[in-house]
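Here is my note on the model. Please read the points alongside the sequence and the 3D view.

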Amino acid sequence: MIRKPVFAANWKMNHTSRDAKTFMRTFLMQYARRPDRTVVFFPPALTLAAVSDAIKERQDILLGVQNIHWELKGAFTGEQSAEMSREAGAAFVLVGHSERRHVFGEKDEETQKKCAAANRAGMTPVLCVGEKLEERERGETDAVVLRQLRAGTASLDPATIGSMIIAYEPVWAIGTGKTAQPEDASAVHAVIRRELAALAGERTKDTPILYGGSANAGNAAALINAANVGGLLVGGASLEPEAWATIVRT
Ligand code: PEP
């Protein structure tokens, strides 16, 4: 079975509940249900309920959170567990997003525990991997991506690895307006695809590998049509309903 392309909106720390309602009114008018693609929103955790309410008639649109803690509960001020996120309606969670890694210092071992916690709660982790500019310039892209991929999946069984989503997001492309060339993204996606097969076999052949990094309405078609690109993870260009609807209709 060929999986449908995934279009994922990472709102980061943008959009209050009120903004989200306004956004969804416009977006839902511009994006009619399409059975050939999966659309996922990652709003801020406090905005999740508003988005969930706005899409209650649209089971084709799914929800995720941008982060979880790996413990079930306890003295972790400011954190949310996977179980809480699942209960609030999130089916997906971003793990190891570049801002978590490079602004908040998230380590590979933490991505491993978060992927395991997501799986335990019945959520699908979207494991984000990607190299920094200096790593790319030193020719270390594949090594960095493989290290992050192996670490994030280290405690998952092959069946779980087969059902997760990977996002290749070169750090130098996120929020910078610099996009990877489709063929460069393809080459890294192929490296990821080979490693997934080594880790979990044939069941990973259709695992969606998303590209993220300054994707927008102008470059979405070229990126989504590149070999091995199974969808897009979009930050800035997902904040305007018209732009996001254009991308999702690509
Ligand atoms: C992201 O935050 O995952 C992202 C890809 O951001 P942007 O599209 O703004 O580069």
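1. Conventions first. Axes are lines fitted to C-alpha atoms, for helices over the stretch in contact, and angles run from 0 to 180 degrees between N-to-C directions. Helices (H or I, at least four residues) and strands (E, at least two) are DSSP runs, numbered from the N terminus. This is a predicted model, where local features need pLDDT of at least 70 and side-chain atom pairs count only at pLDDT 80 or more, while totals for chains, interfaces and linings use all residues. Residues are numbered from 1 along each chain as its sequence is written, and side-chain values use heavy atoms, with hydrogens and water left out.

2. Helix α7 with helix α9 (residues 182–200). Their axes come within 10 Å and cross at roughly 35°. From α7, the contact (heavy atoms within 4.5 Å) uses T141, D142, V145, L146, L149, R150 and T153. From α9 come V188, V191, I192, E195, L196 and L199. By class, that is eight nonpolar, two polar and three charged residues. Here Ala, Val, Leu, Ile, Met, Phe, Trp, Tyr, Cys and Pro count as nonpolar, Asp, Glu, Lys and Arg as charged, and the others, Gly among them, as polar.

3. Helix α5 (residues 108–120) with α7 (residues 141–153). The axes come within 7 Å and cross at roughly 40°. α5 is therefore oblique to α7 (under 35 degrees is roughly parallel, over 145 roughly antiparallel, 65 to 115 roughly perpendicular, and the rest oblique). This crossing is right-handed. D108, T111, Q112 and C115 of α5 touch R147, Q148, A151 and G152 of α7. The contact holds two nonpolar, four polar and two charged residues.

4. Helix α1 (residues 17–30) with helix α11 (residues 241–248). They pack at about 35°, with axes 9 Å apart. α1 passes α11 in a right-handed crossing. F23, T26, F27 and Q30 of α1 meet P241, E242, W244, A245 and V248 of α11. Six of these residues are nonpolar, two polar and one charged.

5. On a 1 Å grid over the protein atoms alone, a cavity is a set of points where a 1.4 Å probe fits but cannot get out; a pocket is an open set with protein on both sides within 12 Å along at least five of seven lines; lining residues have an atom within 4 Å of a point. Grid points are joined across faces, edges and corners, and a volume is the space filled by probe spheres set on the points. The whole structure has one cavity of 30 Å³ or more. The largest cavity holds about 30 Å³. Its lining includes H97, C128, Q148 and E169. Which element gives the largest share of that lining? It is α4, with three residues. By class, the lining has three nonpolar, six polar and two charged residues.

6. The largest pocket holds about 520 Å³. It is lined by 19 residues, of which K12, M13, Q66, N67 and R100 are the closest to its centre. The lining has nine nonpolar, six polar and four charged residues.

Conventions: Left-handed = near helix turned anticlockwise from the far one by under 90°.
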